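Please describe this structure for someone who is meeting it for the first time. Take up its charged pairs, its sheet, its aromatic residues and its surface in turn.

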Amino acid sequence: CTLRIHVDGLRNPKGNIGTVLFTSADGWPEDLNKTFRHGPAPIDADGHQGIAVWSNLPPGNYGVAAIHDENSNHKLDRNFIGIPKEGFGFANNPHVGLSAPAFQAALVHVSCPATVIAIHLQYK
């Protein structure tokens, strides 16, 4: 199966879009060692959106998150009190308060041949 993640709301064309897929809440949403898949996707020429494509996925449920990795360091940078300095978002676009939403709130069922979702990034 293929998962296409349309990501919009980027504030500039710097860096790339980082996406992660988790099959369980273990490590959600930032421990790259516990992801099923993770990696960068390019930002479109307009600088405000992009598409991450994950192919050859088994059908099933995945927790999905995305960041605007402006400095391409493969993590969500934070300021000294822990507030994200880069954009972030989650599948289903749940409300985000002081911490990441629960794994269940960002679950997507991927089915074959393709599933398409949209994530709207936000900046704190």
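A residue is called buried when its relative accessible area is under 20%, exposed when it is over 50%, and partly exposed in between, with a 1.4 Å probe and protein chains only. By that scale E70 is buried, at a relative accessible area of 18%. This is a predicted model, in which local features need pLDDT of at least 70 and side-chain atom pairs count only at pLDDT 80 or more, while totals for chains, interfaces and linings use all residues. Residues are numbered from 1 along each chain as its sequence is written, and side-chain values use heavy atoms, with hydrogens and water left out.

**Salt bridges**

Side chains of opposite charge can pair when their charged atoms come close. A salt bridge is taken here as a side-chain nitrogen of Lys or Arg within 4 Å of a carboxyl oxygen of Asp or Glu, and a search of the whole structure finds three of them.

| Pair | Closest N to O | Relative accessibility |
|---|---|---|
| R11 and E70 | 2.8 Å | R11 44%, E70 18% |
| D26 and K34 | 3.3 Å | D26 45%, K34 40% |

Strands are DSSP runs of E with at least two residues, numbered from the N terminus. The salt bridge between R11 and E70 links distant parts of the chain, with R11 in the loop between β1 and β2 and E70 in the loop between β5 and β6, 59 residues apart.

Strands of a sheet pair through backbone hydrogen bonds, either parallel or antiparallel; two strands count as paired if DSSP finds at least two bridges between them. Strand β1 (residues 2-8) and β4 run antiparallel and are joined by six bridges, and R4 stands opposite V53 in β4.

**Aromatic residues**

Rings of Phe, Tyr and Trp (its six-membered ring) pair if their centres lie within 6.5 Å, and planes under 30 degrees apart count as stacked, over 60 as edge-to-face and the rest as tilted. The structure holds five such pairs. One of them, W28 with F103, is edge-to-face, at 5.6 Å centre to centre and 75 degrees between the planes. W28 lies in the loop between β2 (16-22) and β3 (37-41) and F103 in the loop between β6 (88-90) and β7 (107-110), so the pair ties together parts that are 75 residues apart in sequence. W28 is buried, with a relative accessible area of 14%, and F103 is buried as well, at 10%. Both residues belong to one aromatic cluster, which is formed by F22, W28, F88, F90 and F103.

**A nonpolar patch**

Patches are made of residues with over 30% relative accessible area and no salt bridge, like charges being joined within 9 Å and nonpolar side chains (Val, Leu, Ile, Met, Phe, Trp, Tyr) within 5 Å. Accessible areas come from the Shrake-Rupley method with a 1.4 Å probe, and for residues only the protein chains shown count as cover. On the surface, F80, I81 and I83 form a nonpolar patch with about 380 Å² of accessible area together. I81 is placed in the loop between β5 (60-69) and β6, and at 58% relative accessibility I81 counts as exposed.

Methods:
Helices (H or I, at least four residues) and strands (E, at least two) are DSSP runs, numbered from the N terminus.
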